[in-house]
Amino acid sequence: SCIYVDSSPENTLNHILNIIGTKEKVFTLNNQQSKYFNNLKNNFPNLMFFDNISTIKTVQVDVLYVSLSEQNYADIILNLQDNLKTDGFLIFIINNSELTNEKNLLDLIKTKFDIIQEVFLDDYFKSQTLILCKPII
């Protein structure tokens, strides 16, 4: 199961749904009322929408995926960290310029998560980095 928070989710959400299939639930913000989302919902009945972060507090997931532009990553991640199973993973995508400018973000993340790997996505998204983390138990 996965909580997926992204400011422009079309492509990645489709990939995640294809990887997970229809057996596990994928939760995403209900900020997109479009034909695209309706088609996804028809093809993936396990896609669940939530209106805001506070409405999803009771769900436990294996993966928390966050990819936002010009949002407060730390607030989103810390608000959703209790939804992540102890053996789960946090995956977040951040713009390289934000990574450079937001050292406080990584310091804050490191108080709650062990950073396993930082992957610079030069071959795919030239200005972004994927950071893979596990909760500190």
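Trainee: What makes Lys-85 count as partly exposed?

Mentor: Its relative accessibility is 30%. Buried means under 20% relative accessible area, exposed means over 50%, and partly exposed is what falls in between, with a 1.4 Å probe and protein chains only. So Lys-85, at 30%, counts as partly exposed. Before we go on: this is a predicted model, where local features need pLDDT of at least 70 and side-chain atom pairs count only at pLDDT 80 or more, while totals for chains, interfaces and linings use all residues. Residues are numbered from 1 along each chain as its sequence is written, and side-chain values use heavy atoms, with hydrogens and water left out.

Trainee: Which residue forms a salt bridge with Lys-85, and how do you know that the pair qualifies?

Mentor: The partner is Asp-62, and the closest N and O atoms are 3.3 Å apart. A salt bridge needs a side-chain nitrogen of Lys or Arg within 4 Å of a carboxyl oxygen of Asp or Glu, so the Asp-62 and Lys-85 pair passes. Asp-62 lies in strand β4 and Lys-85 in strand β5, so the bridge ties together parts that are 23 residues apart in sequence. Asp-62 is also partly exposed, at 28%. Searching the whole structure turns up 1 salt bridge.

Trainee: Why is Phe-37 called buried?

Mentor: Its relative accessibility is 2%, and the limit is under 20%, so Phe-37 is buried. Phe-37 lies in helix α2, residues 35–43, and belongs to a core of 15 residues that also includes Leu-17, Tyr-65 and Ile-91.

Trainee: What makes a group of residues a nonpolar core?

Mentor: Its members are buried Ala, Val, Leu, Ile, Met, Phe, Trp, Tyr and Cys residues joined through side-chain atoms within 4.5 Å. The largest one has 27 residues, and those with the most contacts inside it include Ile-3, Val-66, Leu-90 and Phe-92. Among the elements giving two or more residues to this core are β1, β4, α3 and β5. The largest share, 5 residues, comes from α3.

Trainee: Which residues does Phe-92 touch?

Mentor: Leaving out residues up to four places away in sequence, its contacts include Val-66, Tyr-73, Ile-109 and Cys-133. Contact means heavy atoms within 4.5 Å.

Trainee: How many disulfides are there, and what is the rule?

Mentor: A pair of cysteine sulfur atoms has to be within 2.5 Å, and the count by that rule is 0. As for burial, Cys-2 has a relative accessible area of 2% and Cys-133 has 0%, so both are buried.

Trainee: And Ser-1, buried or exposed?

Mentor: Buried, at 12% relative accessibility. Ser-1 sits in the segment before β1. Setting aside neighbours within four places in sequence, Ser-1 is in contact with residues including Glu-24, Gln-60 and Val-63.

Trainee: What share of the whole protein chain counts as buried?

Mentor: 41% of its 137 residues.

Methods. Helix = DSSP H or I, 4+ residues; strand = E, 2+ residues; numbered from the N terminus.
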